[in-house]
Amino acid sequence: MDRSKLNVSVLQMDVAIGDPDANFAAVKRMLKEAVGREPKPDVLILPEMWNTGYALDRITELADENGERTKAFFAEFCRTHQVNIIAGSIAEKRDGDVYNTIYAFDREGRLVSDYSKIHLFRLMDEEKYLKAGDKRGRLELGGVQAGAMICYDIRFPELARTLALEGAHVLFVPAEWPNPRLHHWRTLLMARAIENQMYVVACNRVGISGTTEFFGHSLIIDPWGEILAEGGEWEEILTTELDLELVEGIRRQIPVFEDRRPSLYRQSDEG
Ligand SMILES: NC(=O)CCC(=O)C(=O)O
């Protein structure tokens, strides 16, 4: 893999509520379509909680125990097709608790990183059913430094900034972000890209779940804040090449990381 270029594909899919079998079948179909395209993607990304959707009242019974089904499926798919995958996030059961967890697999099928959402979204009752993670989502795929955050996490600029300071050049964001907050979704993602001078690759689901409508509009944004690809409101695969040299170029042109004054940003009562 040429480390200065990365072909990414975003799988903007619908999610069947509370039906992991149907969702695994849909993921398999879309993954096969994505890897069959030319140019073949280096990295694929799926949306948030794609295995169960927000079937929170049944989540303990539906969640993937230690992610075993997910890990087995992606280990084989990645190895067979020689592709890296940010396996969205899934509902993962661990030690009796359920987490909203990203797994990242490299092209040999190795699990290279996992990240459980650290900010639970109360408007969708996450805090009543899920346990928050307690570490950041850092990963390296084929020499490319990246970070991962999940949906509501993008409202926390400190997290994206910390990942950028730790070396991330690309931020991957699986999401289930619904109407009526399209304006927030687009603006926050663009801001995270511009302020951190990094690529943002965000995959949102489409479809309706109960009374909640998910609008898609997955986005691939460059470190200058330009939108390279944006989804519609239907299932589709978006593919774009990221030129990673642009990150360093923009960071040299406007050196925000050198110009930071962190000693002036701390509140005296900061936790
Ligand atoms: N699944 C989520 O975290 C949704 C976040 C969201 O919709 C927001 O407005 O924030």
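1. Let us start with how residues are classed: Ala, Val, Leu, Ile, Met, Phe, Trp, Tyr, Cys and Pro count as nonpolar, Asp, Glu, Lys and Arg as charged, and the others, Gly among them, as polar. With those classes, the shell around the ligand has six nonpolar, one polar and four charged residues. The residues in the shell are Glu48, Phe121, Met124, Cys151, Tyr152, Arg155, Glu176, Trp177, Pro178, Arg181 and His184.

2. A word on what you are looking at. This is a predicted model, in which local features need pLDDT of at least 70, side-chain atom pairs count only at pLDDT 80 or more, and totals for chains, interfaces and linings use all residues. Residues are numbered from 1 along each chain as its sequence is written.

3. Next, the annotation. An unreviewed UniProt entry lists residues 6-244 as "domain: CN hydrolase"; UniProt positions are given in the numbering used here, feature names are shortened, and annotations may be inferred rather than shown by experiment. In the model this span is 26% helix and 33% strand, and its end C-alpha atoms lie 7 Å apart. Helices (H or I, at least four residues) and strands (E, at least two) are DSSP runs, numbered from the N terminus.

4. Most residues other than glycine have a negative phi, and most peptide bonds are trans. Another cis bond runs from Asn179 to Pro180, with omega near 5 degrees. Pro180 is part of the loop between strand 10 (170-175) and helix 6 (182-196).

5. Cys151, one of the residues around the ligand, has a positive phi of about 45 degrees although it is not a glycine. You can find Cys151 in the loop between strand 9 (144-148) and helix 5 (157-165). Is Cys151 buried or exposed? Cys151 counts as buried because it has 25 C-beta neighbours inside 10 Å; the cut-offs are 20 or more other C-beta atoms within 10 Å for buried, 12 or fewer for exposed, and in between for partly exposed, with C-beta atoms placed from the backbone.

6. His217 also has a positive phi, near 50 degrees, in a residue other than glycine. The loop between strand 13 (212-215) and strand 14 (219-221) holds His217. His217 has 19 C-beta neighbours inside 10 Å, so it counts as partly exposed.

7. Two isoleucines let you explore the inside. Setting aside neighbours within four places in sequence, Ile45 is in contact with several residues, including Val8, Ile86, Phe172 and Val201; contact is defined by C-beta atoms, placed from the backbone, that lie within 7 Å. Ile86 belongs to strand 4 (residues 84-86) and is buried, because 29 other C-beta atoms lie within 10 Å.

8. Strand 8 has a covered face of Gly137, Leu139 and Leu141, and an uncovered one of Arg138 and Glu140. Gly137 counts as buried because it has 28 C-beta neighbours inside 10 Å. Gly137 and Tyr115 are 22 residues apart in sequence, yet 4.9 Å apart in space, C-alpha to C-alpha.

9. Leu139 stands opposite Ala146 in strand 9. Two residues lie between these strands in the hairpin, where Gly142 takes a positive phi near 55 degrees. Strand 12 (residues 206-209) and strand 13 are also antiparallel, with four bridges, and Ile208 has Glu213 as its bridge partner in strand 13. This hairpin has two residues between the strands, and Gly210 takes a positive phi near 60 degrees.

Methods: Near = placed C-beta within 6 Å. Pairing = 2+ DSSP bridges.
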